[in-house]
Amino acid sequence: MNTDSSRYLPQAYRELDSAFIPAHSWPKTLIDLALARGQQEHKLLRNTGIFYEDIARKNLQLSPQQIFRLLDNTIKQPHGQELAFLVGRELLTPYQVALSQANNIAELLDYLIAYSSTLSPLLSLHLHYENERLVIYWQDNFGADELMPFLLAMMTSSLRNFARWRSGSSPSWTFYFKHPQPEYIEQYQVHLGERLVFNAQAQAITIARDELHKAWSKTQSVTAIANSHTHLLTTNNPRGFLHEIYDYLHQNLHHQPNLEQCAQDFGMSSASLKRKLQKHRSSFQQQYDLVRKHMALHWLSETDITQEEVARQLHFYDAANLRRAFKRWTGQLPGKL
């Protein structure tokens, strides 16, 4: 029997206005690429609080809020969305030597999760094994909303590019995006390949299990250099607020979490938690439904689990209520997965 002491309690987290992303890393790459393609500096940096002459400072850090404004300014310019793929190609370069310690895709994913606050501060990864494939879900950490296509293009291209570089081949990823197919589809095809699904039920990547542990070639010199550069990555950075909310709800799903208990565990009133979630362009119900949607997609993919059992695990009164919720979440009934 579960007791209150078995609940997962929140860890330290960062918020939308927490400054922690080094300006001289990929934000500088984005700005330089945008300027090189004719975007005007004053339009690009408008309302960001960023001044180009300060970017070279090694200690200048930006908040997700500033980054989102920069991305919003970028994509309003012609071909701005396409810059996501170009930035993605350079995203992991500062950590390339340390990440070279990964011997296969499975280990690379372990690194990306363990060091997500450094390597992927705006989006985090959640892994689910479904039959013969691994599903990698992307989690919005700070309320990116309409900027998600840009961030996803950046992160997926960085992952695919690094895996190709290390493996010397092209693993068979399939990329799922919730947004409609864009007009610049050729950019997706060039940087991600042909296995693309738009208007999907989740922001995700899938790959066959038998590709996860295929050994990558690794020279002795790369190993020696990599072992001397592990200090580039650290696991002790707080995660994003929405990531922590998601993990809290996921870990405590068996307790049937509610707003009041969540607020208490986060050390604030229900009203304060509502305001903080609204600040991050979300709500308690949205996050709770997201967790239950992901778990429903995972469980319903297993042929030996009934809809009645899934309904019970997700705290629905019966399977009919689960089916209605699933239709609301995904636009279709569970039987049509």
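Colleague: Which elements each supply at least two residues of the lining of the largest pocket?

Modeller: This is a predicted model, where local features need pLDDT of at least 70 and side-chain atom pairs 80 or more, while totals for chains, interfaces and linings use all residues. Numbering runs from 1 along each chain as its sequence is written, and side-chain values use heavy atoms, without hydrogens or water. Elements are DSSP runs numbered from the N terminus: helices (H or I, at least four residues) and strands (E, at least two). Those supplying at least two lining residues each are β5, α8 (148-167) and α15 (284-300).

Colleague: Which element gives the most to that lining, and with how many residues?

Modeller: The lining has 22 residues in total. On a 1 Å grid over protein atoms alone, a pocket is an open set of points with protein on both sides within 12 Å along at least five of seven lines, and lining residues have an atom within 4 Å of a point. The most comes from α15, with six residues.

Colleague: Which lining residues lie nearest the centre of the largest pocket?

Modeller: The lining draws on β5, α8 and α15, among others it may include. Nearest the centre are Asp-140, Lys-178, Gln-286, Gln-287 and Leu-290.

Colleague: Which strands stand at the edges of the open sheet?

Modeller: Five strands run in the order β4-β5-β8-β6-β7, with mixed pairing (at least two DSSP bridges between two strands). Two of the strands each have a single partner, so one side of each is left without a neighbour in the sheet. They are β4 (123-130) and β7 (196-197).

Colleague: What is the bridge partner of Thr-174 in β8?

Modeller: Strand β6 (174-176) pairs with β8 (204-208) over three bridges, in the antiparallel sense. In β8, Thr-174 is bridged to Thr-206.

Notes: 1 Å grid on protein atoms, 1.4 Å probe; cavity = no way out; pocket = protein on both sides within 12 Å on 5 of 7 lines; lining within 4 Å.
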